[in-house]
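Biologist: I am new to this structure. Please take one part of it and walk me through it closely.

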Amino acid sequence: MLKFRLEERAKSPYWLIILSPFIAILVAIILAGMLIILAGANPFESYYQLIIGAFGSKNSFAETLARATPIILTGLAASIAFRAKFWNIGAEGQLYFGALATTFFGTGLVVLPSVLMIPFLFVIGALAGGLLLLPLVLLKLYYKVDEVVTTLLLNFVVVLLVSYLLEGPWKDPMSLGWPQGKSVIDEGVLPQVLSKTRLHLGFIISIGLAFSVWFILSKTVIGYRIKSVGLNASAASHAGIPIFKTVLIVAILSGGMAGMAGVTETAGLKGYLTLDLSPGFGYAGIAVAMLANLNPIGVIFSGVFLASIYVGADAMSRAMNVPTYLADVIVALTVLCILLSLVFVHYKILFFKAKKDD
Amino acid sequence: MIEFIEIIFTAGFWAATIRIACPLILATIGEVLCERAGVLNLGIEGIMSIGAMVGWMTVFLGADLYTGILAALIIGSIFGLLHAIFTVYLGASQHVTGIGITMLASSLGFFCFKLILPASTTPPKIKPFQPIDIPFLSELPFLGPAFFQHTPFTYLAILAVVFAFWLMNSTPLGLSIKMAGENPMALEAQGIDVFLVRTIAVVLGSALMAVGGAYLTLSAFDAFYFGMINGRGWIAIALVVFASWKPERALLGALLFAGLDAYQVRAQQLAGAVIPYQFFLMLPFLLSIVAMVIAAKRTRYPKALLIPFRRGERH
Amino acid sequence: MTTLLKVEKITKKFGDFYANKEISFEVKKNEVLAILGENGAGKTTLMNILFGHYTPDAGNVSFEGNTIEFGNTNNAIKLGIGMVHQHFTLAENLTVLENIIIGRQSIFSLSLPKRQARIKILELSKKFGLPIDPDELVANLSVSEKQRIEILKTLFLDCKLLILDEPTAALTPQETDSLFSTIRNMIKTGLSVILISHKLNEILAVSDRIIVLRNGSSVGETDTNSAERQKIAEMIVGKKIEYPQKTKIPRKSKVLSLLDVSYNKADAQRLSSVNLNLYGGQILGIAGVAGNGQTTLAKILSGHLKATQGSIVFEEVGSVHISPKSFMDLGVAYIPEDRNSDGIVGDMEIWENAIMTEMDDSFFRNSLGFINKKNSFDRSRNLCETYDVRMQSIRQRSRLLSGGNVQKLLLGRWLMREPKIIIACQPTRGLDEGAIASIQKLLLEAQQNNSAIILISEDLDELLSMSDDIAVMYKGMLSNPIETRTTNKLSIGLQMAGDGF
């Protein structure tokens with residue numbers, strides 16, 4: 001019987017580190033290709049349609065970037081949190097909370113000139129996302145309540161809250177019975193950056209935020225602390241690094257990023273809050289962060305990649321009659337393949353022969 | 001106010017409690033098996049979802065109901081095996097693997113459903129398990145309709161608890177699972193393959209989760225909807241903590257939880273005009289969080305939970 | 001006497017490093033073979049090969065004439081080899097009985113024969129003088145009781161050769177004696193024992209034959225009767241190691257006192273009304289069997305835990321906020337006992353670990369929170385030079401450092417801050433002799449600079465040679481310290497077993 005054992009590499013070769021996400025994507029695409037065959041379509045043509053759908057015209061390219069905006073932000077949220085081994089799976093809920101805050105403050109309660117109104121909405125959205133996460137962080141720190149489960153559970157609560165508000169007190173009377181919020185005032189709406197497309201300022205802002213996060217994580221004491229707490233919290237605490245404060249900062253930053261994704265969707269793309277604001281952007285963020293190996297700059301690229309899959313899959317589905325859920329399958333496969341590639345990056349697999357017992 | 005108390009004295013309330021509890025019981029017990037062996041299985045939500053789809057689809061395509069359960073069992077085992085390869089043999093992050101499995105299992109389930117039934121706007125129905133009357137017992141007043149007029153699937157779920165209890169407490173495998181989650185080195189030193197034990201636990205646990213999902217489409221309802229699991233998997237994970245990783249307490253926890261849920265549905269009908277239904281729907285999720293907080297103080301995690309075991313590592 | 005085990009030219013490499021190099025020896029029936037060698041000499045690797053944990057790169061082992069199949073623990077067990085690891089392999093959530101019978105049936109078997117097993121365990125326990133309660137939870141047992149279970153586990157398997165890896169590491173001198181008489185007893189009933197140790201005195205007391213390992217090779221073999229102490233000591237070490245000599249300095253003023261400090265929460269071992277005074281220039285040794293509250297005491301002294309009762313008083317300082325950071329700022333340095341999980345962040349680079357305690361110092365960061373890399377690098381190089389941390393580059397990942405270098409880095413990091421109080425938990429455990437000498441030297445130098453040091457150790461020799469005063473911990477209580485020169489190993493051992501509490 002052939003047995004194997006993992007041996008940790010002293011140093012992982014650079015080519016492997018750089019190449020591994022691409023190999024993972026390739027494998028995911030090949031595996032998903034088999035599903036396309038199962039659906040009775042030609043995988044090459046289907047992928048061609050997918051690429052055309054995502055990048056084939058100015059409009060589709062702009063649509064891809066617009067879709068990437070919230071995904072980059074939730075990807076940043078996951079990157080920051082996962083670096084500190086704080087498993088925030090609640091970006092979906094934090095996104096909606098950010099959207100709620102945008103609707104609350106942005107539909108007339110506060111009126112400021114555009115240059116102030118837009119930053120104001122982002123700050124409010126970030127605060128809302130961070131605030132939603134805060135009690136769960138405290139539960140984790142004080143009572144050791146696992147944050148994976150609490151953040152996941154809270155996603156459902158928030159969506160139900162949004163549903164209540166949109167069907168009840170916050171329902172826009174002009175929406176003809178459709179559950180949606182009031183429109184964000186003109187000063188708060190994120191301007192288009194490419195005329196006659198849906199690409200808005202939020203994309204530029206999300207890229208700016210990615211660079212800021214990168215800067216914070218790699219150049220500052222806060223980033224250093226986050227890294228040490230994530231890699232070995234006990235050792236960090238023994239060296240006097242304040243675990244509590246660090247995790248709190250992580251949570252606020254992480255929840256804040258996801259909250260801002262709610263702002264870009266409400267004030268940017270739609271202009272008002274709906275119940276289907278996010279088709280799982282929060283969960284996509286996890287995939288994006290993993291694909292980028294938790295690197296904030298990498299998140300921009302993996303975010304655009306994932307967005308192109310989602311946008312392109314719609315076009316492919318129409319042209320080839322393959323269910324759009326293929327996009328979700330590709331994303332899920334990518335996560336698993338990345339995980340697999342990380343094992344190979346950090347470990348050598350040694351095979352050895354062993355006879356069967358007895 | 002008296003109506004709110006009267007609810008718990010109706011047989012319908014108790015029957016509903018058991019109906020609601022069944023998928024949770026199966027899923028929670030499945031998760032207990034995984035976690036006792038040291039593997040957190042966050043694939044639960046997706047595995048339940050694909051179990052629900054596969055079980056239903058098998059029956060829809062002409063097989064009988066028990067074959068449907070078997071199909072769910074098999075698909076659950078397959079995803080459990082995938083999870084085990086990642087987390088047990090390769091030592092990958094249990095958190096990310098679990099999320100990845102959930103994403104894959106649910107999206108694959110939806111994809112296949114759409115592939116087989118592309119155009120259906122209203123979900124097609126099957127003839128699900130029908131209640132059977134247990135001789136004599138079902139004729140008891142109150143107790144009969146409350147506890148002895150359920151579907152065979154329900155009794156199977158209860159049987160699964162007995163099975164898990166027996167497995168954990170009276171078999172070498174159960175003992176090995178408990179040791180694998182506490183001190184895998186100790187298990188290895190006794191000549192038992194830790195990888196194998198953990199893999200068996202995860203596969204078996206995942207199979208139960210998928211069957212829990214299938215309960216929804218084969219017994220509780222008669223159709224498959226997207227998002228019909230609706231967080232039940234995550235609630236099960238909270239229940240595991242609440243149950244201190246014990247199958248018998250998982251049964252109690254799930255019943256308690258389902259009781260509250262059954263109660264809120266009935267209370268909602270009474271108070272629906274005053275309190276919006278969304279708040280009732282939030283209750284299970286909020287309760288789960290509360291349950292975890294309550295349990296967190298006294299609970300003792302399996303020590304090796306989340307920690308991959310690597311053989312022949314230099315210490 | 002007939003040969004039971006024959007080891008021929010065993011070689012095991014980890015990377016370029018020879019853990020074992022062409023080791024050969026034999027074990028006869030009814031004898032205690034001692035394998036001596038300092039930490040890192042390759043003893044444990046060798047035993048892990050015999051027991052089937054590792055596969056050697058070359059060599060042969062036969063047991064009763066049958067060749068052993070490597071890398072298969074089951075095979076070793078079946079042949080009759082039993083091993084008691086230094087770190088016990090017991091599951092604390094299970095009972096003694098369950099720990100012993102696990103693995104005896106196939107995991108696919110449908111029943112657990114608990115009744116028969118209980119009878120056999122009680123028989124064995126009587127026969128070998130190893131009293132236990134089969135239904136007790138392992139979590140409730142003391143260290144020596146756990147060791148008894150480990151030995152019973154191997155006896156339950158009808159083992160013929162018992163390998164004991166550093167069995168006395170956590171025992172009191174009295175418990176050690178009792179273990180040795182059990183071992184002699186076992187030999188009489190037909191077993192053979194391999195005893196792995198680095199403690200020469202113990203080996204001379206209990207073994208029949210001695211093999212010495214050094215740097216992975218066998219460097220000598222002798223009958224215990226004809227062994228010369230001095231010669232074996234030289235064989236173990238190879239080159240002569242200069243241990244630092246302690247010079248006493250006059251005691252300075254009091255720096256710290258604990259008043260009636262208790263701790264009784266479930267998350268750490270209990271402490272009950274501990275009183276303690278600590279003076280500048282004093283090394284206070286704290287002895288005790290592991291698990292009697294030493295870790296809790298250290299955590300309270302370093303601000304990681306807050307006492308549930310009583311108070312901790314820093315002289316000339318008012319009330320103190322209890323946190324690791326504020327204690328650090330008062331001049332407390334804490335060397336945790338597990339340097340890999342609590343000391344170093346293995347996946348960060350050496351320079352990052354070197355400045356971890358200094359992140360609030362404006363020398364290493366500007367007011368906006370940007371790290372000053374140049375100053376950080378300079379400090380790290382300086383630290384590594386001053387304290388002889390051997391590495392290739394300060395940009396290297398820290399986990400690649402040897403245990404001794406990790407400890408020098410951690411201790412050096414604190415010494416750079418010129419601490420007033422050093423709390424050192426097992427600072428030399430598991431290090432090779434050269435590193436032990438360096439760490440002890442650094443601690444003694446710190447004492448010369450008027451630091452007050454609390455030295456928590458299970459190694460009584462170390463405590464006796466380093467401390468000015470020694471106190472003993474037992475079940476969360478701390479005895480009054482007595483001057484080291486007025487006490488001896490035996491009386492400390494008695495106290496460790498509860499005498500006088």
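Modeller: Start with two strands of chain C. Strand S7 (residues 161–165) and strand S8 (residues 192–197) of chain C run parallel and are joined by five bridges. Leu162(C) has Val193(C) in S8(C) as its bridge partner.

A word on the ground rules. This is a predicted model, in which local features need pLDDT of at least 70 and side-chain atom pairs count only at pLDDT 80 or more, while totals for chains, interfaces and linings use all residues. Residues are numbered from 1 along each chain as its sequence is written, and chains are lettered from A and ligands numbered from 1 in the order in which they are written.

Now the terms. Helices (H or I, at least four residues) and strands (E, at least two) are DSSP runs, numbered from the N terminus. Two strands pair if DSSP finds at least two bridges between them.

Step back to the sheet. In chain C, six strands form an open sheet in the order S6-S7-S8-S3-S9-S10. The pairing is mixed. Strand S6 (81–84) and strand S10 (217–223) of chain C are the edge strands, and each pairs on one side only. On average, neighbouring strands of this sheet are turned by 20° against each other, direction ignored. Such angles run from 0 to 180 degrees between N-to-C directions, with axes fitted as lines to C-alpha atoms, for helices over the stretch in contact.

Next, the helices. Helix H1 (residues 43–50) of chain C lies across strand S3 (32–36), S6, S7, S8 and strand S9 (209–214) of chain C. H1(C) runs at about 150° to S7(C). Helix H5 (residues 143–156) of chain C also packs on the sheet, touching S6 and S7 of chain C. The direction of H5(C) makes about 170° with that of S6(C). Contact has a cut-off: two residues are in contact if their C-beta atoms, placed from the backbone, lie within 7 Å.

Chain C has another sheet to look at. This open sheet has three strands, ordered S12-S11-S14, with antiparallel pairing. Strand S12 (271–279) and strand S14 (309–314) of chain C stand at the edges with a single partner strand each, so one side of each is left without a neighbour in the sheet. The twist from one strand to the next averages 5°. Strand S11 (residues 254–263) of chain C pairs with S14(C) over five bridges, in the antiparallel sense. Opposite Ser257(C) stands Val313(C) in S14(C).
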